[in-house]
Amino acid sequence: RMLFLMFISFFTSRILLRELGVEDYGIYNVVGSVVAIFSSIQGLLASSTQRFLNYEHGKGNSSQLNKIFSMSVLIHVGLSLLFLIVILPIGLWIINNYLVIPTNRINAANWVFVFSIFSAIITIMTVPYNAVIIANEKMSAFAYISILDGLLRLGIIFLLIHTAFDQLITYAVLLFGVGFLVRIVNMLYCKKNFQEAKRVTFFWDKELLK
C-alpha cells in the first residue's frame, strides 16, 4: 500500500507541476496546504478514538462501543464547525491582505482555499470511521480504501489535462470530490460491517466527552 501510494505521489507531482505551471503549483502548495496538515494528523486523531474502542472491545461492552463512536462523531462535527467558523475567514483575510499572489490569480487562490477547507472538514469527519476500521483490525479494508483514494487522485490528474476550465480551481474542486467519495465509502463499509457504527446516537456525557 505504502509503495503504491508513494509511486502515485511521485508520478502525480511531476504531471501536476507540468499542467498547473510553476506559479499555480506554488499557489496551491501554499493555499491548499491546510489539507496536507489535516491529512497528516488524521492517523493521530483516529488512534485516539481507536484506543477507547479497543478498551471496550476487550470488555465486550457493545453498548458502550456505540456511545464512544457516537461521541467521537460529535467531537469531530464540533471540530469541523470550529474549523469552518474560525479558520475559513482568517485564512481568506490572510490570502487577500498578506500573501504575495499575482492579482489575476487572487480569485483562484480564494476558491482553492475554500475548497481546501471543505476537503479538510471531510478528512476530519472521516476520522471516527477510520478509527472503527483500525480498532476492528480490518487493515486490508483500510489499505484498499487508501488505494482507491490514490487511484482517484491519479484520475484527477488525467482529467486535469483535458479540462477547459481554470486548472487550479478544477484541481481543488476535484480533490474535494475525491475526499467526499472516500468518506462515503468509509461510512458505508463501517455501517455494513460493524455494529457500533450502524447508527449515531446523539447524547451528552461530559466525562466521556473529555
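Trainee: What makes the crossing of α3 with α4 right-handed?

Mentor: Look at how the near helix is turned from the far one: anticlockwise by less than a right angle is left-handed, clockwise is right-handed. By that rule, α3 passes α4 in a right-handed crossing. Do keep in mind that this is a predicted model, where local features need pLDDT of at least 70 and side-chain atom pairs count only at pLDDT 80 or more, while totals for chains, interfaces and linings use all residues. Residues are numbered from 1 along each chain as its sequence is written, and side-chain values use heavy atoms, with hydrogens and water left out.

Trainee: How do you know how α3 and α4 are oriented to each other?

Mentor: Helix α3 covers residues 42-59, and it packs against α4 at about 165 degrees with the axes 9 Å apart. Angles run from 0 to 180 degrees between N-to-C directions, and the axes are lines fitted to C-alpha atoms over the stretch in contact. Under 35 degrees counts as roughly parallel, over 145 as roughly antiparallel, 65 to 115 as roughly perpendicular and the rest as oblique. The conclusion is therefore that α3 is roughly antiparallel to α4.

Trainee: Which residues make the contact of α3 and α4?

Mentor: Contact means heavy atoms within 4.5 Å. Among the residues are Leu45, Phe52 and Leu53 of α3 and Leu65, Ile68 and Phe69 of α4. By class, the contact of α3 with α4 has 6 nonpolar, 5 polar and 1 charged.

Trainee: What makes Arg105 buried or exposed?

Mentor: Buried means under 20% relative accessible area, exposed over 50%, and partly exposed in between, with a 1.4 Å probe and protein chains only. Arg105 has 12%, so it counts as buried. Asp166, at 28%, counts as partly exposed.

Trainee: Why is the pair of Arg105 and Asp166 called a salt bridge?

Mentor: The term needs a side-chain nitrogen of Lys or Arg within 4 Å of a carboxyl oxygen of Asp or Glu. Arg105 and Asp166 meet at 2.9 Å, N to O, and that is a salt bridge. Arg105 lies in the loop between α4 and α5, and Asp166 in the loop between α6 and α7, so the pair ties together parts that are 61 residues apart in sequence. Asp24 joins Arg105 and Asp166 in a network of salt bridges.

Trainee: How do you know that Arg153 and Asp149 form a salt bridge?

Mentor: Their side chains meet at 3.2 Å, N to O, and the limit is 4 Å. They are 4 residues apart in helix α6, so about one helical turn separates them.

Technical notes
Helices (H or I, at least four residues) and strands (E, at least two) are DSSP runs, numbered from the N terminus. Ala, Val, Leu, Ile, Met, Phe, Trp, Tyr, Cys and Pro count as nonpolar, Asp, Glu, Lys and Arg as charged, and the others, Gly among them, as polar.
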